[in-house]
Amino acid sequence: MTYEGVHMNPDYIKGVDLGNWLVLEKWMNPALFDGTTADDEYYLPTQLDPAVYEARIKTHRAEYINERDFATIASWGLNSVRIPVPYFIFGDRAPFIGCIDELDKAFNWAEKYGLTILIDLHTAPMSQNGFDNGGISGVCKWAQLPDEVEFVLSVLERLAKRYGHRQALMGIEIINEPNTTTSWPMMNVTERYKAVDPELAEGTGPIAFDWLKDFYVTAYHRLRDADKGALPADKAVGSTTVSTSNSGRTSCAGMTASSRRNSRTWSSTPTSTS
């Protein structure tokens, strides 16, 4: 079997999400949280000896996804993977352990087997949604903290600089599932995801849609700016938004893609709640 050229101009993006590899989700692998009462990645290192925490995380990352998985994905006829990454990917937010080396390996494997990668910035400091997979349960304050908003923009820029010219890069997803004023009432975060520390959670609330739109525009320009992210025009910039249906179910609004000769664009539209 040959993988050469599979990812160059696919008629359809047929992909799979590599969840729980670089961003932990307890329900996918509860054993990672053994010996603790932690439900999310924020509190896990606070309840383990640092050496135990490091060994557990590094072993998980080495074994959970490896080159064989990329070969298998390609053999199934898929052509893309979405990789959720945390805000501490570059290893500059102790006590969390960075994972840029793992993402480097993923790009090498993707290019070897003809796959593209959508990098999904899945978490933000003090969380963009209050979900357990947003980094810290029951807390949603990131958008209220200008320094942390700037930090997220800097992470996006660094990802763009590092991978922008890699053949495997399909694009970068700005931030996963920000919880807005539209979705907040249905998600009922403060009841469904109880905060461990009520004082830390004080001020938790939804992200205003107008603020989020402005942030997306800023992030887009920072990613494309030649002096900042310098992301080439043929790489996608995407977004996902939490949506709610009439039945009360919740989901991540789907991303639709259109490929053009010189650019690739992504968009998502929240489902109506009316």
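Which residues does isoleucine 119 touch, not counting residues up to four places away in sequence? In this predicted model, the list runs to Ile83, Val85, Leu103, Phe107, Leu159, Tyr163, Leu169, Gly171, Ile172 and Glu173, with contact taken as heavy atoms within 4.5 Å. Residues are numbered from 1 along each chain as its sequence is written, and side-chain values use heavy atoms, with hydrogens and water left out. Because the model is predicted, local features need pLDDT of at least 70 and side-chain atom pairs count only at pLDDT 80 or more, while totals for chains, interfaces and linings use all residues.

Zooming out, the protein has eight helices and nine strands, these being DSSP runs (H or I, at least four residues, for helices; E, at least two, for strands) numbered from the N terminus. Of its 274 residues, 51% count as buried, that is, under 20% relative accessible area with a 1.4 Å probe and protein chains only. Among contacts with a separation of 6 or more, 72% join residues 24 or more positions apart.

Now to the inside. The largest nonpolar core has 66 residues, and Phe70, Ile83, Leu103, Ile119, Leu159 and Phe215 touch the most other members; such a core is a set of buried Ala, Val, Leu, Ile, Met, Phe, Trp, Tyr and Cys residues joined through side-chain atoms within 4.5 Å. At least two residues of this core come from each of H1 (50–64), H2 (67–75), E2 (80–85), H3 (100–113), E3 (116–121), H4 (146–163), E4 (169–173) and H8 (209–224). H4 gives the largest share, nine residues. A second, separate core of six residues includes Phe131, Trp184, Met187 and Tyr193.

Helix H4 also holds alanine 160, which is buried at a relative accessible area of 1%. Leaving aside residues up to four places away in sequence, alanine 160 touches Ile172, Leu223, Gly229 and Leu231. Alanine 160 and arginine 222 sit 62 residues apart in sequence, yet 9.7 Å apart in space, C-alpha to C-alpha.

The largest cavity contains about 50 Å³, the volume being the space filled by probe spheres set on the points. Its lining (residues with an atom within 4 Å of a point) consists of Glu41, Tyr42, Tyr87, Phe88, Phe96, Ala124, Met126, Gly134, Gly135 and Ile136.

Notes: Buried < 20%, exposed > 50% of the residue type's maximum accessible area, 1.4 Å probe, protein only. 1 Å grid on protein atoms, 1.4 Å probe; cavity = no way out; pocket = protein on both sides within 12 Å on 5 of 7 lines; lining within 4 Å.
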